[in-house]
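Hello,

Here is the structure I promised to pass on. My notes on its helix packing follow below.

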Amino acid sequence: MIGRGSSHTLSFAVSSLGAALGGRSGAVDPGRRVPPEPPACRLPAVQIGVVYPQNELRGDPAAVRRIGTAVEEMGFAHLLAHDHVLGAVHADRTPPLTGPYTESDPFHDPFVMFAYLAGIIERIGFATGILILPQRQTALVARQAADVDLLSGGRLRLGVGIGWNPVEYDALGEDFRTRGARQEEQIGLLRRLFTEPVVDFSGRFDRVDRAALVPKPARPVPIWLGGSSEAAFDRAARLGDGFLFFGGAVDDNIESWRRLRDRIRNHGRSVEDFGAEYVVLPKDGVGDLAAEIDAWQEAGGTHASVVTMGLGLDSIDGHLDYLAAVADAVGLS
């Protein structure tokens, strides 16, 4: 466990490349020193990452490099990035847009940002949280994800969801109304493109006529799902490698994770091979945040990502100071 009063520090330095990125197995880089698991730890150490705070960094290109390198130096396991291609004006729309982002919120493309960082930082994983999959072309997502994974040495975890903004779907030429069904088909096709030498596929939304994705990713990219609907939980239980729980009280997310585990078992799948990430909203005191991550690990959670947005931090240094305090509170080294 972690948090104040713990009898050990969090040994989350990567025991295998796959464990850090959403899988549970993988070869250890012989050039990396891997500290042993503390003998008092009853549970696998939760992997703690950081949500890139791009809404509060105004698209500053210098922030990408500074945040990325600092997160690695502090000992965090991964960097998670949200996805929006376009932001839309909310005023005077019927039906109204209900999501949190407008035309003023900046977003970097996750694949481009991760490809850039892959050439700068060498250890931490990259996770989309979430990529709005149904508004993107499936084969193009496969190509972009494969290249990021290949060029980073197998460090990408692909978290996907269906989004909330029909304006964005329209601008990208996709149908907002069929997004759930399309995502389900896309996940299966992505897995085939990542692994099969030649794919022949004819579905409701995509047609691949005996074509190949070459080069392949470093390994089949883990596909996690996010969302809050019953459909999202069911889709994850059937098709996903893990699930991202966004915000809210930790106790509510622990209960949702318990119910999701039941769904996974009901589909005849192994819970031990399924990841669970808690995206932790910012707290005024890092001790409270550490206690939430501790509770999440006790409940069998495998990953957590720390949000620094919403605290009024108006500079890169402000976000990095907060993250340094978090790293100290949870015992990262």
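Before the rest, a word on the basis. This is a predicted model, where local features need pLDDT of at least 70, side-chain atom pairs count only at pLDDT 80 or more, and totals for chains, interfaces and linings use all residues. Residues are numbered from 1 along each chain as its sequence is written, and side-chain values use heavy atoms, with hydrogens and water left out.

Helix 4 (residues 138–151) and helix 6 (residues 179–195) have axes that come within 10 Å and cross at roughly 45°. On the helix 4 side, T138, A139, V141, A142, A145 and A146 meet R182, Q186, L189, L190, L193 and F194 of helix 6 (contact means heavy atoms within 4.5 Å). By class, this contact has 9 nonpolar, 2 polar and 1 charged residues (Ala, Val, Leu, Ile, Met, Phe, Trp, Tyr, Cys and Pro are nonpolar; Asp, Glu, Lys and Arg charged; the others, Gly among them, polar).

Now the other pair: helix 7 (residues 230–239) packs with helix 8 (residues 250–266) at about 50°, their axes 9 Å apart. The crossing of helix 7 and helix 8 is right-handed. E230, F233, D234 and A237 of helix 7 make the contact with S256, R259, L260, R263 and I264 of helix 8. Here the classes are 4 nonpolar, 1 polar and 4 charged residues.

Best wishes

Conventions: Axes fitted to C-alpha atoms, helices over the stretch in contact; angles between N-to-C directions. Helix = DSSP H or I, 4+ residues; strand = E, 2+ residues; numbered from the N terminus. Left-handed = near helix turned anticlockwise from the far one by under 90°.
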